[in-house]
Amino acid sequence: MIGRKRGRRAKKVDTLVGSLTVIHGDVEFGGGLHIEGRVVGDIRAASDPGAVLVVAEGGVVEGHIAVPRLLMNGEVQGDVHVGEHVELGETARLAGNLYYTALQMSEGAQVDGLLKRVDHPLQGELEGPGETRSLANPTEDAHS
């Protein structure tokens, strides 16, 4: 059952942002990134197609996210693009649009934005090392 997976963690954590830590600026990572604190900036995993981002309960991201896999029990304020799989736990709070390939959402998770299944949600979102661009709605770009 989906509801029983509360607090599930990534198998490998390479980087931990602790509960008392605040990062101001964009983050590019590989492997596993576990956030229990706060990140004010965009997060992406450009060089690792197996990367996993975990936003733990109490963790906050104020920025856009572009990653292959996301496990979320915390709060994100910004658009999210997930290439393979996203899991929104019971305490997940998203204030932004979610573009995904596969979605698992627990009862209690909240999304204040658009849920859009797309075939390639990361296409164009991870290009250019160190150049995190605004993660815009792909349907709006096609009509511009």
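Start by selecting Asn97, which sits in the loop between strand 12 (93–95) and strand 13. Keep in mind as you go that this is a predicted model. Show the side chain of Asn97 and follow it to the backbone nitrogen of Leu114, which it reaches at 2.8 Å. Now display what surrounds this residue: leaving out residues up to four places away in sequence, Asn97 touches Gly78, Asp79, Val80, Gly113 and Leu114.

Next, go to the core. The largest nonpolar core has 26 residues, and those with the most contacts inside it are Ile43, Leu53 and Leu70. To see where this core comes from, colour strand 4 (32–35), strand 7 (52–55), strand 9 (65–72), strand 11 (80–88) and strand 13 (98–100), each of which supplies at least two of its residues.

Stay here and centre on Ile43. Apart from neighbours within four places in sequence, Ile43 is in contact with Val27, Phe29, Leu33, Ile35, Leu53, Val61, His64, Ile65 and Ala66.

Select Leu122 in the loop between strand 16 (115–117) and helix 1 (138–142). Finally, draw a C-alpha to C-alpha distance from Leu122 to Tyr99: the two are 23 residues apart in sequence and 8.6 Å apart in space.

Key
Residues numbered from 1 in each chain as written. Predicted model: local features only at pLDDT ≥ 70, side-chain atom pairs only at ≥ 80, totals over all residues. Heavy atoms only, no water. Helix = DSSP H or I, 4+ residues; strand = E, 2+ residues; numbered from the N terminus. Core = buried A, V, L, I, M, F, W, Y, C linked by side-chain atoms within 4.5 Å. Buried < 20%, exposed > 50% of the residue type's maximum accessible area, 1.4 Å probe, protein only. Contact = heavy atoms within 4.5 Å. Polar contact = N/O pair within 3.5 Å; in protein donor to acceptor, adjacent residues only side chain to side chain.
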